[in-house]
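Hi,

Here is the structure I said I would pass on. Have a look at it first, and my notes follow below.

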Amino acid sequence: MAFVLSIFALLIPIQTINKILIASFNSIKNMTYRVIMKDILNPLSRIIAIIILISAGFGIAGLISGYLLGVVFSVFIGLILFVYEADWFTHSETDQISNRDLLSYSLPLVLTGAIYALVGQIDYFVIGYYIGSTEVGQYQIGFILASNILIGLQAITPVFKPIIAENIHNTKIIESQFKLSTRWVTILTIPPALTLALAPDPYLSILFTNQYTAASAAVVPLSLGYLINASFGPEGMVLEGLGHTRLTLLNTFVLVSTNGVLDLLLVPVLGVLGAGIATGTALTVAGLVGVIEIYYIRGVHPYSAQLMRVWVAIAFPLAVGIVMTSFLEGLLLIITLPVFTLISFILGLHIVGGFTSEDAKVADQFDQRIGYPVIKTLLMISMNK
């Protein structure tokens, strides 16, 4: 046990360097190196090291040591990539930043991360206190499944804060980028959110077991809460890019406080459904507060006529999904529902005029990186729109 604890102790500084490198790639807007380090090298090297050490008979020590070696290798390659890409780091002159200013900006973010970790944990505690440990496990699975809806928001936010920081004095660019990113986040979030909200039971049963379908009551409000939260766009990154990290801390406190109060009110009455409603409502309130703050500070908001058309287009996949869940079930529903939800949503966007020339440019940039017009073909966007 002492050896295992010593390995975990070594992981703390190494994981810190790992996080710093990933944040550095975000700041220089190089997503290629970020993906190489975080999504390819890190998991792959960990798996290889763990397999080798466990096969050699090291047991639990091999498992922990393999994890450590994988992270070390990933950090080592990340450092090489960073030095190669950011040669300006050692040659360019930068403005001096006082320790006070640095602490004033970063300390609220540290506290934000610590407080945000309570989201979900509050639900687990209240459910365990009022209901039982079985329901905690069931709700935890539903919470994790629903949280994956934010993949669109998480894909866009890493590079958004540097863009805002670079254009901190250009309100027009900030508003333009805020509106564009919010619309794309909403477009990317609607299909998976609708899929889970319409048919949580089959996905819980096939991804886990039938035992966890009891969490389906919570998955619906959680899915809707994450969808509404995503529809506010990366408002947290806007506040951080503008330097208002204390407001980010305040909004996180609002999120956790609202979640906790509603949990205490709803869980004893509604069970896991109450926990889902509490978290979904808290996510909505916190996102709305962030948008209001940005409008008060800079007079910009993420809403436009084109975004409203996106919400009108949701009627098409919603109708298709309701029909499909009424007549299909099991594996057939699991496979076909997300496909037809996506197709009907894209068709709905075309019918209501939801795509713009800006969307075509964004799709074209993606396709240039891929080397083939995949996105434009999928979305049926023409550059001459």
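One thing to keep in mind as you read: this is a predicted model.

I'll start with a single residue. Glutamate 175 has 21% relative accessibility, so it counts as partly exposed. Its partner is lysine 179: the two form a salt bridge, with the closest N and O atoms 3.5 Å apart. Lysine 179 comes out as partly exposed too, at 23% relative accessibility. Both residues sit in helix H9 (residues 171–198), four residues apart, which is about one turn of the helix.

How many salt bridges are there by this rule? The count is two. The other pair is glutamate 240 with lysine 161, whose side chains meet at 2.8 Å, N to O. Glutamate 240 belongs to helix H12 (residues 235–241) and lysine 161 to helix H8 (residues 151–166), so this pair ties together parts that are 79 residues apart in sequence. Is glutamate 240 buried or exposed? At 9% relative accessibility, glutamate 240 counts as buried, while lysine 161, at 24%, counts as partly exposed.

Now for the chain as a whole. Its secondary structure comes to 19 helices and zero strands. There are 385 residues, and 42% of them count as buried. If you take the contacts between residues at least 6 apart in sequence, 76% join residues at least 24 apart. The accessible surface is about 19,900 Å², with 69% of that belonging to carbon and sulfur atoms.

Cheers

Methods: Residues numbered from 1 in each chain as written. Predicted model: local features only at pLDDT ≥ 70, side-chain atom pairs only at ≥ 80, totals over all residues. Heavy atoms only, no water. Salt bridge = Lys/Arg side-chain N within 4 Å of Asp/Glu carboxyl O. Helix = DSSP H or I, 4+ residues; strand = E, 2+ residues; numbered from the N terminus. Buried < 20%, exposed > 50% of the residue type's maximum accessible area, 1.4 Å probe, protein only. Contact = heavy atoms within 4.5 Å. Areas by Shrake-Rupley, 256 points an atom, 1.4 Å probe, with all protein chains shown as cover.
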